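Subject: Structure handover and notes on what it contains

Dear colleague,

Please read them with the coordinates open beside you.

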Amino acid sequence: MMVEIHRQQPTEMEEKQGLRVSEVLWKRMEPNEHGTFPADPETSRGNSFLDSLRKYKVKEVFTWHLFKTISMSQGLSVLICGTGISSQYLAVRYSVNTPMLQSFINYVLLLCVYTSILAFRRGDDNLLKILKTKWWKYMLLGIVDVEANYMVVKAYQYTTLTSVQLLDCFVIPVLMALSWFILRTRYRVIHYVAVCICLLGVGAMVGADVLAGRDQGASTNIFLGDSLVLMSAALYAVSNVCQEYTVKNLSREEFLGMIGMFGTIFSGLQLAILEHSEIPKIIWDWQVALLFAAYALCMFALYSFMPVVIKLASATAVNLSMLTADLFSLFFGLFLFHYKFSGLYILAFTMIVVGFVLYYSMATYTQEPAPQETAIDGLDNPVSETEDDNRQETAIQFPSGEDAAETTRSQ
């Protein structure tokens with residue numbers, strides 16, 4: 001009697017390790033430490049969510065790469081906090097309401113640094129070559145980025161801080177939807193659970209704001225203000241998805257250089273139209289100049305380092321981690337604006353971080369293989385798993401009464 005066991009060819013990881021087919025087959029047939037045989041690689045994809053949780057190894061989740069990504073993401077949150085505090089000081093202490101002027105300075109800095117780098121490059125990634133082939137794409141992206149920044153600042157004039165904090169989270173589901181259709185990212189159940197935990201953390205943070213009396217802001221036209229926040233979140237999601245695609249397939253300098261060029265043009269035009277009467281009202285002194293400089297440097301650093309973190313993880317993961325920006329604003333506000341503290345803030349921070357770690361603990365996958373140079377095992381988004389694997393099968397036949405095994409490849 002012949003017993004026939006079908007096995008697939010070695011996986012990509014096993015091929016990298018230099019294992020021959022026969023060695024792989026015998027290795028897969030060896031029992032593990034529990035006395036059971038490992039699951040077939042193809043059928044293991046269909047395991048349940050609970051089976052995936054049982055396979056977790058803490059050492060594989062809490063890696064140096066995860067710590068570095070969390071640390072850099074929290075650094076971005078601090079930079080966002082810096083822009084918020086400097087803007088609040090300008091508006092409250094010095095009655096300066098010029099969001100377009102503040103954004104214009106940031107785009108000029110990006111133009112001077114990154115567009116200049118592209119101008120001095122040679123080859124296909126030179127500034128002129130990029131403009132000849134992709135100028136209209138970056139022009140649209142520049143408009144999207146400028147309007148996203150402007151709308152969220154403008155929303156504070158019509159709605160409350162609570163509404164802005166809650167509705168700004170709309171960027172997460174829009175990001176996931178755009179990543180699904182544009183980047184072909186596929187999510188697992190654990191990713192949706194992680195996003196829900198993060199959003200619950202935001203809810204706890206907003207609840208603490210209300211209890212502490214921080215529900216500040218105007219309420220002259222709540223519908224208009226909320227609509228501006230939702231449109232801003234959607235535009236941010238579009239910008240972030242384009243940013244993820246560009247930095248993972250082209251270069252960080254190309255994205256920032258073109259954003260700097262077209263952002264300067266469109267923010268300058270919008271500045272001349274909307275704020276030409278506000279700029280002469282500014283009473284300049286060293287403190288106002290310092291606040292403008294602080295805002296511009298924080299925004300420039302945020303734009304410069306965000307592509308680095310997105311390349312390590314993904315736009316969705318980075319935005320989840322950056323939900324803590326409002327909490328950092330609170331911590332600084334305890335000393336600068338004498339905010340009231342609540343234990344719910346600590347709970348909110350913990351929930352957001354736990355949700356991010358849970359999201360990051362299992363890799364997303366794509367329908368098509370990712371490029372070799374960007375694929376990193378165990379990380380978010382670069383890991384790809386094709387849905388249609390056409391692999392040859394290998395049969396092992398065991399003749400009864402013999403110890404030897406004969407390995408044959410199916411043609």
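Leaving aside its neighbours within four places in sequence, which residues is T264 in contact with? Before the reply, please keep in mind that this is a predicted model. With sequence neighbours within four places set aside, the contacts of T264 are F104, Y107, V108, L111 and I259. T264 itself is placed in helix α12, and T264 is buried, with a relative accessible area of 12%. Although T264 and I105 are 159 residues apart along the chain, their C-alpha atoms are separated by 8.2 Å.

For the overall picture, the protein has 411 residues, of which 44% are buried, and it contains 16 helices and five strands. Among contacts with a separation of 6 or more, 79% come from residues 24 or more positions apart. The accessible surface is about 21300 Å², and carbon and sulfur atoms account for 64% of that surface.

Turning to the nonpolar cores, the largest of them holds 79 residues, and the members that touch the most other members are L76, M258 and L320. The element that gives the most to this core is helix α13 (residues 286-312), which supplies 13 residues. Apart from this core lies another one, made of five residues, including M151, V164, L228 and V229. As for M258, if residues up to four places away in sequence are not counted, M258 touches L118, L127, I130, L131, Y138 and G263. As general background, nonpolar side chains in soluble globular proteins tend to be buried together.

The aromatic residues come next, and here the structure holds five aromatic pairs. One of them joins Y187 and Y192 in an edge-to-face arrangement, at 6.0 Å centre to centre and with 65° between the planes. Within this pair, Y187 is buried at a relative accessible area of 9%, whereas Y192 is partly exposed at 40%. Another pair is formed by F328 and F349, whose ring centres are 6.3 Å apart and whose planes stand at 85°, so this pair is edge-to-face as well. Because F328 lies in helix α15 (residues 325-336) and F349 in helix α16 (residues 343-360), the pair ties together parts that are 21 residues apart in sequence. F328 counts as buried, with 16% relative accessibility, while F349, with 28%, counts as partly exposed. There is also a charge over a ring to look at: the charged end of R186 sits over the ring of W180, at 4.0 Å from the ring centre.

Finally, the charged side chains: the structure holds six salt bridges. K134 and E254 form one of these, and their closest N and O atoms are 2.8 Å apart. Since K134 belongs to helix α7 (residues 127-155) and E254 to helix α12 (residues 252-274), this pair ties together parts that are 120 residues apart in sequence. E254 is buried, having a relative accessible area of 4%.

A further salt bridge is the one in which the side chains of K248 and E244 meet, at 3.2 Å from N to O. K248 and E244 are four residues apart in helix α11 (residues 222-249), so about one helical turn separates them, and both of these residues are buried. K281 and E278 also form a salt bridge, with their closest N and O atoms 3.9 Å apart; the cut-off for such a pair is 4 Å. Here K281 counts as exposed, at 60% relative accessibility, and E278 is partly exposed, with a relative accessible area of 28%.

With best wishes

Key. Residues numbered from 1 in each chain as written. Predicted model: local features only at pLDDT ≥ 70, side-chain atom pairs only at ≥ 80, totals over all residues. Heavy atoms only, no water. Core = buried A, V, L, I, M, F, W, Y, C linked by side-chain atoms within 4.5 Å. Buried < 20%, exposed > 50% of the residue type's maximum accessible area, 1.4 Å probe, protein only. Helix = DSSP H or I, 4+ residues; strand = E, 2+ residues; numbered from the N terminus. Contact = heavy atoms within 4.5 Å. Phe/Tyr/Trp six-rings, centres within 6.5 Å; stacked < 30°, edge-to-face > 60°. Lys NZ or Arg CZ within 6 Å of the ring centre and 35° of its normal. Areas by Shrake-Rupley, 256 points an atom, 1.4 Å probe, with all protein chains shown as cover.
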